[in-house]
Amino acid sequence: MGTTNINRRDWLRKSMLTAGGAMALPYFGLAETPRVPLQLDKKGNAVYSPFFKEFLPKPDSMFPDLAAKLNANENPYGPSPMALEAFKNAAPGGNRYAWKELFQLVDKIADFEGVESKNIMMGPGSSDLLEKTAMVLFMGGGNVVSADPAYMSLIRVAESVGATWKPVPLKDDWSHDLEAMEAAVDADTKLVYICNPNNPTGTMTDHQELVDFCSRVSEKVPVFVDEAYLWFLDEGAKKSMVSLVNEGKDVIIARTFSKIHGMAGLRVGYIVAQESTLAKLENITRGGMGISYPSVYAAMAAMDDAEFIDKSRALNAECREYVYQSLDQMGFSYVPSHTSFLIFPIEMDGNAFLDKMTQLKVGVRAFEFMDKTWCRVSMGTMDEMKLFTAAINKVLV
């Protein structure tokens with residue numbers, strides 16, 4: 001019986017790390033849907049770079065029954081009431097393709113972003129478009145320059161089609177080392193990838209420095225800026241790189257409805273880029289073809305629900321402040337966050353930490369970088385955050 005159980009666990013872990021198990025990877029891999037098996041260390045943890053590792057849960061606790069699911073940066077309050085109503089009303093039309101409606105959504109987004117509709121490509125979540133970009137740009141090899149640590153979705157797919165990753169460590173203040181990243185660009189660089197605010201650190205890079213960097217470096221290679229968490233800032237629009245598209249710069253800006261809009265399960269995202277860049281992606285994808293008919297209507301309604309957006313932002317900030325204060329009281333330092341999650345260092349083995357938190361029905365993530373082990377916790381409801389702080393007090397204090 002013991003041997004059978006071990007084999008079953010081994011089979012489960014192996015299946016999760018192959019294409020057939022890709023649907024399970026959002027639970028424990030920093031890349032949402034990697035197309036390539038993860039590199040594992042001797043303990044079965046994911047090694048992204050010599051300086052960046054993620055501790056993975058045991059296969060038999062891959063999908064635990066959680067009282068507080070704080071491991072995927074999901075918005076606990078969404079979708080918005082207006083989006084839900086629109087989705088329900090549109091559901092009977094789910095037997096139809098949503099092309100006309102998708103064009104309406106594209107026009108609405110273009111107006112919101114201040115660009116032309118030809119500069120927008122839709123996708124089932126922004127991660128899908130990150131990955132499609134990687135597939136197209138790196139089919140012939142080359143390298144991608146990014147921060148380390150970074151969100152790994154685009155990078156993992158680039159590696160799977162033949163690219164090499166040139167990781168550049170974040171600066172001591174947790175911002176992107178733009179000078180070192182620019183110096184890392186060479187004749188084989190096909191793309192520079194920046195996640196701002198960054199995942200998994202939750203930190204920002206100075207706006208004007210990033211504008212200058214993108215404007216300058218995009219004259220050499222495309223620059224992809226992932227702004228999935230930007231709208232958790234009070235004035236997120238003022239921190240975006242999207243205006244560079246109108247200046248003719250070779251930049252790609254990614255946005256998603258999964259975060260501030262609370263639509264992670266409805267799968268809607270988009271990129272803003274030059275028409276010539278989008279034309280390359282259209283060689284392998286029709287973009288919005290993967291978005292369901294009701295989800296298109298939900299996205300259009302979500303854009304109009306300013307009350308929900310403001311509420312999500314305010315409640316997220318309130319919970320984040322509560323966690324700050326709780327960590328202060330327990331004697332933990334933390335990295336101030338601009339997002340719906342935050343990180344703090346822990347003095348415990350990452351695997352043991354995940355096991356103990358899961359036993360208390362609280363789901364979080366654990367990483368190793370900057371020579372420390374870190375907990376990353378997503379902001380849930382206030383009740384969920386109180387469960388989290390109580391669990392931390394039991395496990396770590």
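This is a predicted model: local features need pLDDT of at least 70, side-chain atom pairs count only at pLDDT 80 or more; totals for chains, interfaces and linings use all residues.
Local features were kept only at pLDDT of at least 70 and side-chain atom pairs only at pLDDT 80 or more, while totals for chains, interfaces and linings use all residues. Residues are numbered from 1 along each chain as its sequence is written, and side-chain values use heavy atoms, with hydrogens and water left out.

The second largest pocket comes out at about 320 Å³. A pocket here is an open set of points on a 1 Å grid over the protein atoms alone, with protein on both sides within 12 Å along at least five of seven lines, and lining residues have an atom within 4 Å of a point. Volume is the space filled by probe spheres set on the points, which are joined across faces, edges and corners. Of the 17 lining residues, Phe 103, Val 106, Ile 120, Met 121 and Glu 282 sit closest to the pocket centre. Helix 3 (99–113), strand 4 (120–123) and helix 9 (275–281) each give two or more residues to this lining, and helix 3 gives the most, with four. (Helices, H or I of at least four residues, and strands, E of at least two, are DSSP runs numbered from the N terminus.)

As for cavities, where a 1.4 Å probe fits but cannot get out, the whole structure has three of 30 Å³ or more. The second largest cavity has a volume of about 50 Å³ and is lined by Glu 74, Asn 75, Pro 76, Tyr 77, Phe 232, Ser 312, Asn 316, Ser 340 and Met 379.

Next, the helix pair. The axes of helix 11 (residues 306–330) and helix 13 (residues 382–396) come within 10 Å and cross at roughly 15°; axes are lines fitted to C-alpha atoms over the stretch in contact, with angles from 0 to 180 degrees between N-to-C directions. That angle makes the two helices roughly parallel, the term for angles under 35 degrees. The contact (heavy atoms within 4.5 Å) involves residues including Tyr 322 and Met 330 of helix 11, along with Phe 388 and Ile 392 of helix 13.

Finally, the backbone. The Gly 78 to Pro 79 peptide bond is cis, with omega near 0°, and Pro 79 lies in the loop between strand 3 (68–69) and helix 2 (81–90). Another cis bond joins Asn 199 and Pro 200, with omega about 25°. Arg 267, a residue other than glycine, has a positive phi near 60°.

Notes. Angles under 35 degrees count as roughly parallel, over 145 as roughly antiparallel, 65 to 115 as roughly perpendicular and the rest as oblique.
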